[in-house]
Amino acid sequence: MSKDGLEDLLAGTAVVPVLVIDSVATAIPLARALVAGGLPILEITLRTKAALEVIRAIGVEVDGAVVGAGTVLAPGQLEQVAKVGARFAVSPGATEVLLEAARDSPVPLLPGAATASEVMHLLERGHRFMKFFPAEPGGGVAYLQALAPPLPEARFCPTGGIDAERARTYLTLSNVGCVGGSWVAPGDAVRTGDWARIRALATEAAALRKTSATS
Ligand code: 3PG
């Protein structure tokens, strides 16, 4: 998929759940609950031993899920996530080595940026759509708003410290395509297997339509 295809894929959803999952046994009902609630695009972070197996299992077993890999830091990880069927990859920042590997990867990369210089660098490398991370500590809505006039080409998926209320505000920005976050799968609900609660949170999040593509 091209970089533009990635933008279409991710911007077609309001919210991308960012998930840290320890086991396939948890992953399947969790992913089913999120998809049933209306959030089919899932980012599984490579922060657990089970992450690669989880990506493969969700891709095979959960109808409707579009599963990507998060916390991809190095070229070798891009290769690994391609092998288990990840449809996209997300990195918290960007290095030359990773961007170079992404050019030849079948898995499109959503690279991270947190400053104007980093955004300029990614635009130079042909990445128009990027993750703004860490969104809240990095300046939040006001920061993204300030980037829009000088860098109108850039589009963002802000992630980091976002909840349902903040998501609503981010989604009003002209340069925001979607938001990412873990609030739709709270740790206590995952631990107790409260899939009904997670489905309800997903339904609420899926209803956060992008309210302004032009403002
Ligand atoms: C990420 O990896 O994008 C963030 O850790 C998700 O941030 P959150 O847990 O604050 O939503």
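Which residues are around the ligand, and how much of the ligand does the protein bury?

Reply: This is a predicted model, in which local features need pLDDT of at least 70 and side-chain atom pairs pLDDT 80 or more, while totals for chains, interfaces and linings use all residues. Residues are numbered from 1 along each chain as its sequence is written, and side-chain values use heavy atoms, without hydrogens or water.

Start with the shell. Around the ligand (a heavy atom within 4 Å) sit Val-18, Arg-47, Lys-131, Phe-133, Thr-159, Gly-160, Gly-161, Gly-181 and Ser-182.

Three of these side chains place an N or O atom by a ligand oxygen. For Arg-47, the separation from a ligand oxygen atom is 2.4 Å. For Lys-131, it is 2.6 Å. For Ser-182, an N or O atom of the side chain is also 2.6 Å from an oxygen atom of the ligand. Taken alone, the ligand exposes 310 Å² (Shrake-Rupley, 1.4 Å probe), and the protein buries 79% of that.

Now take Thr-159 from that shell. Thr-159 lies in the loop between strand 8 (155–158) and helix 8 (164–170). Helices (H or I, at least four residues) and strands (E, at least two) are DSSP runs. Why does Thr-159 count as buried? Because its relative accessibility is 5%, and buried means under 20%, exposed over 50%, partly exposed in between. The side chain of Thr-159 also reaches back to the backbone oxygen of Cys-157, at 3.5 Å.

Phe-133 is another member of the shell. The peptide bond that leads from Phe-133 to Pro-134 is cis, and omega is near -10°. Pro-134 itself is placed in the loop between strand 7 (129–132) and helix 7 (140–147). Most peptide bonds are trans.

Thr-71 has a backbone feature of its own. Its phi is positive, about 55°, although Thr-71 is not a glycine. Most residues other than glycine have a negative phi. Thr-71 lies in the loop between strand 3 (66–70) and helix 4 (75–83). Its relative accessible area is 16%, so Thr-71 is buried.

Next comes Arg-125. The loop between helix 6 (116–124) and strand 7 holds this residue. Its relative accessible area is 22%, so Arg-125 is partly exposed. Arg-125 and Leu-99 are 26 residues apart in sequence, and their C-alpha atoms are 7.9 Å apart in space.

Thr-26 is found in helix 2 (residues 24–37). With a relative accessible area of 22%, Thr-26 is partly exposed. Thr-26 and Val-190 are 164 residues apart along the chain, yet 7.5 Å separates their C-alpha atoms. Arg-191 belongs to helix 9 (residues 187–192). Its relative accessible area is 69%, so Arg-191 is exposed. From the C-alpha atom of Arg-191 to that of Val-72 is 25 Å, and these two are 119 residues apart along the chain.

Terms used: Polar contact = N/O pair within 3.5 Å; in protein donor to acceptor, adjacent residues only side chain to side chain. Buried < 20%, exposed > 50% of the residue type's maximum accessible area, 1.4 Å probe, protein only.
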